[in-house]
Amino acid sequence: MPQHSDSRILPYTADQMYALVADIERYPEFLPWNTAARIRSRRPGASGSEVVEADLVISFKVFRERFGSRVTLWPETKRIDTEYLDGPFKYLRSGWSFADLPEGGCKVDFFVDFEFRNAILGKVIGVVFGEAMMRIVRAFEDRARALYGA
C-alpha cells in the first residue's frame, strides 16, 4: 500500500498549476513512464465541478499497464481528486490542491495512495517508489518552468 504526500511552494499562481495538472491529455509529453493518455468522457459534475474519465498507459521496465480514472476538477477551489475505475490496481486515490500565497507563488499539496493487484509488480514498484514519486513531482515542476518561466 504505497502512499506519498508532498507539499511545495512554487513561484507560479494556483491557476497556472491547476491548469497544468488538469491537462491530462498532455501527461505523456512530460511525465516519466506515462506513454499515452486518452479522455473517455467529460461532463459537468456537482457544485461547479467537471468530471473527466481518462485512461493512462504506464510503462515501467517490462510492464505496460493501462488504467482508468475518474478525475474531478474543482476550478473554484483549485482542487483535483482522482478515483480509480479499472486496470492493474486494487485501488488508487490521489489528489492535488493549489492555494495562492499573499507573498506571491502558490502552495501545492499532492497525495497518492494505491495498491497493485499483481504482487510482483507491487514489489518491483515498491523498491523504487520513493524515487519514482520524486521524479513525478519534479516532472510537474519542470513542466511549470517550461510553460510559465522562472
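In this predicted model, Thr-72 has a relative accessible area of 11%, so Thr-72 counts as buried. You will find Thr-72 in strand S4, which covers residues 63–74. Leaving aside residues up to four places away in sequence, Thr-72 touches Ser-49, Glu-50, Val-51, Arg-79, Ile-80 and Asp-81.

Now for the rings. A pair of aromatic rings is described by the distance of the centres and the angle of the planes. The model holds 13 aromatic pairs. One of them joins Tyr-27 and Phe-30 in an edge-to-face arrangement, with centres 5.9 Å apart and 80° between the planes. These two residues are about one helical turn apart because they sit three residues from each other in helix H2 (residues 27–30). Tyr-27 is buried at 10% relative accessibility, and Phe-30 is buried at 16%.

Trp-96 and Phe-140 form another edge-to-face pair, at 4.8 Å centre to centre and 65° between the planes. This pair links distant parts of the chain: Trp-96 belongs to strand S6 (residues 89–100) and Phe-140 to helix H3 (residues 119–148), 44 residues apart.

| Residue | Relative accessible area | State |
|---|---|---|
| Trp-96 | 8% | buried |
| Phe-140 | 4% | buried |

Which residues make up the aromatic cluster? Tyr-18, Tyr-27, Phe-30, Trp-96, Phe-98, Phe-110 and Phe-140 come together in one such cluster. Tyr-18 also has a charged neighbour: Lys-78 lies over the face of its ring, 6.0 Å from the ring centre.

Technical notes:
Residues are numbered from 1 along each chain as its sequence is written. This is a predicted model: local features need pLDDT of at least 70, side-chain atom pairs count only at pLDDT 80 or more; totals for chains, interfaces and linings use all residues. Side-chain values use heavy atoms; hydrogens and water are left out. Helices (H or I, at least four residues) and strands (E, at least two) are DSSP runs, numbered from the N terminus. Buried means under 20% relative accessible area, exposed over 50%, partly exposed in between (1.4 Å probe, protein chains only). Contact means heavy atoms within 4.5 Å. Rings of Phe, Tyr and Trp (its six-membered ring) pair if their centres lie within 6.5 Å; planes under 30 degrees apart count as stacked, over 60 as edge-to-face and the rest as tilted. A charge sits over a ring if NZ of Lys or CZ of Arg is within 6 Å of the ring centre and within 35 degrees of the ring normal.
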